[in-house]
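The paragraphs below go from one site to the next.

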Amino acid sequence: MKNLIHEIHRRSLWQVLGIYLAVSWVVLQVVDVVGNNFGLPDWVAPAALVLLLLGLPVVIATAFVQEGMTAKEFVPPPQSLADAGEVAPSPAPEPETHHRLLTWRNALLGGGAAFVLLAVLTGGYLFMRSSGIGPAGTLVAQGVMDEGASVVLADFDSPDDDLAEVVSSALRVDLLQSPTITVVGETEIAAARERMQVPADAALSGDMARELAVREGYGAVIEGEIGTAGSGYVLTARIRGGADWAPLAAFKSTARSEDDLIDAIEHLSRDIRDKSGESLRSVGNSPALRRVTTASIEALRTYSRAERQETQGDELGAIELYERAIELDPEFAMAYRKLGVVLGNLGIRRADQVAALQRALELRDRLPRSEAYLAEAYHSSSVLGDRAATIRAYESLLEIDPTNIAGLNNLALVYSDMGRFDEAVPLLERAIEVEVFPVAFNNLAWARVALGDDEAGDAVLVLGQQAIPGAAAFLEDYRIELTLERDSLRSAADLLASYEERFPGTRDRQRAAVRRYVLDVRRGRFADAQRRIDDFEGAESASGHSISVASTRSEIVGMLGDTASAVRALVAAVDVVRETRPPAERRYETAVRSLYRLGAVVRADALLDEWKREVPENELGVYGLDDRREMEARRAFGAGDLEAATRLWGAYERECPGVCDRWAAYGLANVHEAAGRPEAAIREFERFLADRGSQPPLLDALYRTPTIERLGYLYDQIGDAENASRYLTMFVDRWDGADPIVQPRVAAARARLAALGGTAQ
């Protein structure tokens, strides 16, 4: 200290002032770094600046006084030679009071004490905040809100409905960045509205939000109002919770004009996140809302309307609005992501979907962290076809947000597609604990059945119907599908009859028609199955799947023995779609598969080549790449190159584990049978029948019962009479009431059973 004071004494006033300003700059930088890294309150940096500004006049005054004292340093008066050594020098005058106060020692000690006091106040505030003491205490620390609690965000009350949507949507986006608050998603809100029998276009008022929260078991509600103040706005908000839904905290933010609204919303959001219990470091390090959403308030208005349209089921209207929002702000990352998702859900405009997802990925630093990982995962899956990258993105999302519904459900789906059902189950169970939603019950039931626990799969779907009465038809339909999946035809028929009685709606009848079709085909009643197609063809065609329906119809005609008519009808359907839809939406893979199955190899090869020219691999996505590999294996088999077909089916299964096992087994079985290897063919056909790792498409139904028939004759070929009788009996039992055109096959099986000593039941 003495050395420091001595050095300061040696400096001039301007030198001291320069040193003080430099030290002040360093102090402010240290406060900023510490604040960002350790999450100090927002007022610490301004308080440090105020202390430094207050210290500036003290330093200047001290420097001025000390410089004057040095210049006027006492010098003893001259003495005569006679008096030298005999007269004592006069004592130095006493320093003035301000000279005693304005010393460098006092200045340094005072500055240090001020910053120590600031540190004590900061520590006390943080202690009170984390302990839930006084006004500084957070809601989590006070025990009135659980960390990660699901919160319903009500629509803000405002005379301007568009403005209310903008504020509500932007606040939701910013709160998505919080690890402490889990904002209930729009999809879950829409489903709850349906169960409450509330119109989809009705505003979610504070009263309605509280009723919804009570019904669905959510922990808190955020509601607010937008008032006007001249040309500006005043935003107020409250968090309500507890048994009586009393206000737990209130907030206020102002905007001088509409252009300042986003900043005001961000200020409001940060106050909410701070009070809820989120770490100050997390709040302070979150990207600004204007960068996360858009700098254009009009683009945000349009985006908010698009979200509303989407949740109301008007996906095509939402697409137009998302595109308009992008026109208003070409760097609106969230609009690009949502556009890509909706286009993918509808299966239309593949090129536009790819472009939107690519742009969202490029702008992912403008997305909330959870949205950024969702963008990466969706791009990896739908554009790159990279399952490993998709898994990494979802796992990264769940590291920062372990209760993210989309992350839990979608990662479970990827695992299920790969046959990793034991890893999918806990993710889906966690998802249901966080949020009760129908798709999670479906996926969990599928995983349970795939693991061989049929009773658990049924129980999950029954539980889902009890938990979500509004989704009962959807879940019961899936229960019928899984019953068909495990080949329990009688049980499926009983469930289907009950379903048709319980759910008479138009969409319900379409679902029932699909299940009836599968049941009829498995029983050999192809004429009835053709009529079922008419009941669901319109819905499938409207979704862009008209070739899928045409393929299904043509294969039934082929099963009835008129292969030439089946091929002509399918080619005609392809021609119509070729003229009306862009290449990425034509579903060529379905037509190619059916043409190969019908034996129209030349036409199938030509259509496969056309598909490859018009839709490159980098636009196929995960499932498109799987289909492309499958078609190449079918091409090799159609050309009679059994060695290449074996290799390509193996590659197909390796690149698409789990979900592709079924068709790889079927393809390899055909190769082995053609090559005269009945034992290997038996092994693969039985794997095809036993596989529960993928949900069956419509065409799968056409090959179940004929596969049972083929297994009977293959076992007969190798001299295994017991298994031959078992499979032929199953075949006769299924097709006993089949159409007359296939009855000769049933008669042949009966005759062979009699020769083997078996009995058809």
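Begin at Arg-726. Its charged end sits over the ring of Tyr-727, 4.5 Å from the ring centre. A charge sits over a ring if NZ of Lys or CZ of Arg is within 6 Å of the ring centre and within 35 degrees of the ring normal. Arg-704 does likewise with Phe-688: its charged end sits over that ring, 5.8 Å from the centre.

A word on the source. This is a predicted model, in which local features need pLDDT of at least 70, side-chain atom pairs count only at pLDDT 80 or more, and totals for chains, interfaces and linings use all residues. Residues are numbered from 1 along each chain as its sequence is written, and side-chain values use heavy atoms, with hydrogens and water left out.

Now the ring pairs. A pair of aromatic rings is described by the distance of the centres and the angle of the planes. Here, rings of Phe, Tyr and Trp (its six-membered ring) pair if their centres lie within 6.5 Å; planes under 30 degrees apart count as stacked, over 60 as edge-to-face and the rest as tilted. The count comes to 13 aromatic pairs. In one of them, Phe-526 and Trp-735 have ring centres 5.8 Å apart and planes at 90 degrees, so the pair is edge-to-face. Phe-526 lies in helix α26 (residues 526-542) and Trp-735 in the loop between α36 (721-734) and α37 (743-756), so the pair ties together parts that are 209 residues apart in sequence. Helices are DSSP runs (H or I, at least four residues), numbered from the N terminus. Both Phe-526 and Trp-735 are buried. Buried means under 20% relative accessible area, exposed over 50%, and partly exposed in between (1.4 Å probe, protein chains only).

Tyr-666 and Tyr-703 form another edge-to-face pair, 5.6 Å centre to centre with 75 degrees between the planes. Tyr-666 belongs to helix α33 (residues 661-674) and Tyr-703 to helix α35 (residues 701-717), so this pair ties together parts that are 37 residues apart in sequence. Tyr-666 and Tyr-703 are both buried. Ring pairs also link them with Trp-663, Phe-685 and Phe-688 into a cluster.

Next, the cores. A nonpolar core is a set of buried Ala, Val, Leu, Ile, Met, Phe, Trp, Tyr and Cys residues joined through side-chain atoms within 4.5 Å. The largest has 61 residues, and those with the most contacts inside it include Phe-526, Trp-649 and Trp-735. Apart from it lies another core, of 53 residues, among them Leu-163, Ala-237, Ile-262 and Tyr-303.

Finish at two single residues. Leu-204 lies in the loop between α8 (186-196) and α9 (206-216). Leu-204 counts as buried because its relative accessibility is 3%. Leaving out residues up to four places away in sequence, Leu-204 touches residues including Val-152, Ile-189, Arg-193 and Leu-212. Contact means heavy atoms within 4.5 Å. Gln-465 sits in helix α22 (residues 454-467). At 12% relative accessibility, Gln-465 counts as buried too.

Methods: Helix = DSSP H or I, 4+ residues; strand = E, 2+ residues; numbered from the N terminus.
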